[in-house]
Amino acid sequence: MRLLRTIAAETVKILTLPGVWAGVLASVLGTVAITALNATQAVAALDAGEADLFGPISVFETAFAAAPLGTIGAIVVGVLAVSSEYTPNSPDAGGSRQITSTLVTSPGRVRLVLAKLTAVVAITVLTAAVALSSCLGVAQLFLGDVAPESIPVEQAMWRMVGTTVYWTLTALLAFGITLLTRSGTLPLIILILNSSVVSISLLLTNLTPLAHWLPDMAGRNLFGFDAELVLPGGLDAVPGGLVMAAWAVAAVGAGTIVFTRRDA
């Protein structure tokens with residue numbers, strides 16, 4: 001019961017952070033906007049008889065083209081769940097940090113980490129469900145009458161699950177790294193840049209095949225894209241997901257050990 005109360009309290013606390021809502025909305029609205037843009041271009045290509053320029057056009061593939069960008073919201077949720085505890089209050093409020101009050105009300109540090117992890121996973125999974133279903137709805141609205149669906153339902157469901165797993169593991173990686181650093185600035189900058197602008201892991205694959213074992217590269221096939229078209233080589237979806245999960249467990253485990261042993 002104590003763990004459940006802590007989970008409820010931490011979930012409410014995380015959901016009161018404006019930055020978390022900004023990250024969630026960025027994932028949902030960003031992926032939906034890109035889906036709408038892709039669908040508009042696909043319709044124009046079909047009308048012009050130039051569909052071959054885009055490859056096979058389907059509702060599902062159009063909706064899922066933006067799925068990797070949803071990791072931005074997952075990163076924000078994972079980072080802020082921890083870093084908000086160490087952000088100083090305004091001088092008028094004494095300049096203290098939230099972590100002091102948190103540890104007074106929840107002195108069990110491992111229980112506190114478990115509660116925050118549960119909240120992060122729940123928020124990330126719900127965000128993925130809303131974002132992916134919204135993208136499918138938008139793609140269906142634009143292409144439902146003009147593009148035949150080429151993806152079997154079972155495959156589509158597995159890809160949705162894989163995408164949700166990737167987002168969740170990304171959030172856990174961000175959570176664990178922030179437990180180690182206690183500051184959200186560096187994890188946010190590095191992880192968001194790596195996920196959206198310039199993938200350091202991708203660049204490293206040009207230097208060594210070992211880079212395919214880095215967490216984001218290992219798990220990339222969870223999205224279910226054609227690996228030979230996107231990026232040849234690397235791990236298949238299941239072993240890659242396990243490697244990414246191992247990275248997440250290691251990050252959270254190391255962060256938890258540090259969190260339990262050092263002063264607040």
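In this predicted model, the largest nonpolar core holds 44 residues. Among these, I14, V20, V120, W167, F175 and F259 touch the most other members.

At least two residues each come from α2, α3, α4, α5, α6, α7 and α12. The top contributor is α7, which gives 10 residues. In soluble globular proteins, nonpolar side chains tend to be buried together.

Take F175 as a close-up. Setting aside neighbours within four places in sequence, F175 is in contact with G78, A81, V82, V113, K116, L117, V120 and V252.

Now to a helix pair. Two packed helices are described by the angle between their axes and the distance between the axes. How do α2 and α6 cross, and at roughly what angle? The table gives the values.

| Feature of the α2 and α6 pair | Value |
|---|---|
| Residues of α2 | 18-47 |
| Residues of α6 | 109-143 |
| Approach of the axes | within 9 Å |
| Crossing angle | roughly 20° |
| Handedness of the crossing | right-handed |

The axes cross at roughly 20°. Angles under 35 degrees count as roughly parallel, so α2 and α6 are roughly parallel to each other.

Which residues meet there? From α2 come V24, S27, V28, T31, V32, T35, A36, A39, T40, A42, V43 and L46. They meet I123, T127, V130, A131, S134, C135, V138, A139, F142 and L143 in α6. This contact has 16 nonpolar residues, six polar and no charged.

How values were computed: Residues are numbered from 1 along each chain as its sequence is written. This is a predicted model: local features need pLDDT of at least 70, side-chain atom pairs count only at pLDDT 80 or more; totals for chains, interfaces and linings use all residues. Side-chain values use heavy atoms; hydrogens and water are left out. Axes are lines fitted to C-alpha atoms, for helices over the stretch in contact, and angles run from 0 to 180 degrees between N-to-C directions. Helices (H or I, at least four residues) and strands (E, at least two) are DSSP runs, numbered from the N terminus. Angles under 35 degrees count as roughly parallel, over 145 as roughly antiparallel, 65 to 115 as roughly perpendicular and the rest as oblique. A crossing is left-handed if the near helix is turned anticlockwise from the far one by less than a right angle, and right-handed if clockwise. Contact means heavy atoms within 4.5 Å. Ala, Val, Leu, Ile, Met, Phe, Trp, Tyr, Cys and Pro count as nonpolar, Asp, Glu, Lys and Arg as charged, and the others, Gly among them, as polar. A nonpolar core is a set of buried Ala, Val, Leu, Ile, Met, Phe, Trp, Tyr and Cys residues joined through side-chain atoms within 4.5 Å. Buried means under 20% relative accessible area, exposed over 50%, partly exposed in between (1.4 Å probe, protein chains only).
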